[in-house]
Amino acid sequence: MRTLVAKTAIDLVCEPAAEKMRPSSGYSAQFSLPYQIARGLLAGKFGLTDLEGPMLKDADTLKLAKIMEYEIDPNAGFPKYRSGEVVLKLKDGSTVTGIVRTIAGGNITLEVAGRNRVIPV
């Protein structure tokens, strides 16, 4: 799993990596791109309940968050645009990519195994 991130956002949502992959609080999870992407993929959506205690310890979410890699998005357009791109490599070797570039933020919707998965940007 890979995501492209605006250079200026890396310290906010990707680093320190250990905390972002396993947020210690709901507040920390609000600024954790790996956690939010993992929850969105597994649950099909992401909302306030995903920032509460039980979800922060969900083993499947933490396992998926741990494998997320990021790279700088040279076309992010930040701060004018809030953009996001997620690339998933599936077990069969194929890839699924979701991209959103918007002024006001939004969601990336990926179709994986016939089901939509929504990730906030």
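Keep in mind that the model on your screen is predicted. Leu56 sits in helix α5.

Now show what surrounds Leu56. Which residues is Leu56 in contact with, leaving aside its neighbours within four places in sequence? They are Pro23, Ser25, Gly26, Ala29, Tyr35, Asp50, Leu51 and Leu62. Pick Ala29 from that list. Ala29 and Leu56 are 27 residues apart in sequence, yet their C-alpha atoms are 7.8 Å apart in space.

**Stop two: Ser24**

Select Ser24. Look for it in the loop between α2 and α3, where α3 covers residues 26-30. Is Ser24 buried or exposed? Its relative accessibility is 61%, so Ser24 counts as exposed. Ser24 and Gly53 are 29 residues apart along the chain. Draw a line between their C-alpha atoms: the separation is 9.3 Å.

**Stop three: an aromatic pair**

Go back to Tyr35, one of the contacts of Leu56. Select Tyr35 together with Phe46. How many aromatic pairs does a search of the whole structure find? It finds 2. Tyr35 and Phe46 form an aromatic pair. A pair of aromatic rings is described by the distance of the centres and the angle of the planes. For Tyr35 and Phe46, the centres are 6.3 Å apart. Their planes stand at 80°, and the pair is edge-to-face. Why does this pair tie together separate parts of the chain? Tyr35 lies in helix α4, while Phe46 lies in the loop between α4 and α5, so the pair links parts that are 11 residues apart in sequence. Check the surface too: both Tyr35 and Phe46 are buried.

**Stop four: two packed helices**

Select residues 33-43, which form helix α4. Two packed helices are described by the angle between their axes and the distance between the axes.

Now show the side chains where the helices meet. On the α4 side, pick Pro34, Tyr35, Ala38, Arg39, Leu41 and Leu42. On the α6 side, pick Asp60, Thr61, Leu64 and Ala65. What classes of residue make up the contact of α4 with α6? By class, there are 7 nonpolar, 1 polar and 2 charged residues.

Zoom in on Thr61, in helix α6. Thr61 is buried, with a relative accessible area of 0%. Leaving aside its neighbours within four places in sequence, Thr61 is in contact with Tyr35, Ala38, Arg39 and Leu42.

**Stop five: two prolines**

Select Glu15 and Pro16. The peptide bond from Glu15 to Pro16 is cis. Its omega is near 0°. Where is Pro16? Pro16 is in the loop between α1 (10-13) and α2 (17-21).

Now select Pro79. Its place is in the loop between β2 (69-72) and β3 (82-89). Pro79 has 67% relative accessibility, so this residue counts as exposed. Along the sequence, Ala9 and Pro79 are 70 residues apart. In space, their C-alpha atoms are 9.7 Å apart.

**Stop six: a strand residue**

Select residues 95-102, which form strand β4, and find Val100 within that strand. Is Val100 buried or exposed? Val100 is buried, with a relative accessible area of 14%. Arg82 and Val100 are 18 residues apart along the chain. Their C-alpha atoms are separated by 8.2 Å.

**Last stop: the whole chain**

Clear the selection and colour by secondary structure. How many helices and strands are in the protein chain? There are 6 helices and 6 strands. Trace the elements from the N terminus on: they run β-α-α-α-α-α-α-β-β-β-β-β. The chain has 121 residues, and buried residues make up 42% of them.

Terms used
Residues are numbered from 1 along each chain as its sequence is written. Side-chain values use heavy atoms; hydrogens and water are left out. Axes are lines fitted to C-alpha atoms, for helices over the stretch in contact, and angles run from 0 to 180 degrees between N-to-C directions. Helices (H or I, at least four residues) and strands (E, at least two) are DSSP runs, numbered from the N terminus. Contact means heavy atoms within 4.5 Å. Ala, Val, Leu, Ile, Met, Phe, Trp, Tyr, Cys and Pro count as nonpolar, Asp, Glu, Lys and Arg as charged, and the others, Gly among them, as polar. Rings of Phe, Tyr and Trp (its six-membered ring) pair if their centres lie within 6.5 Å; planes under 30 degrees apart count as stacked, over 60 as edge-to-face and the rest as tilted. Buried means under 20% relative accessible area, exposed over 50%, partly exposed in between (1.4 Å probe, protein chains only).
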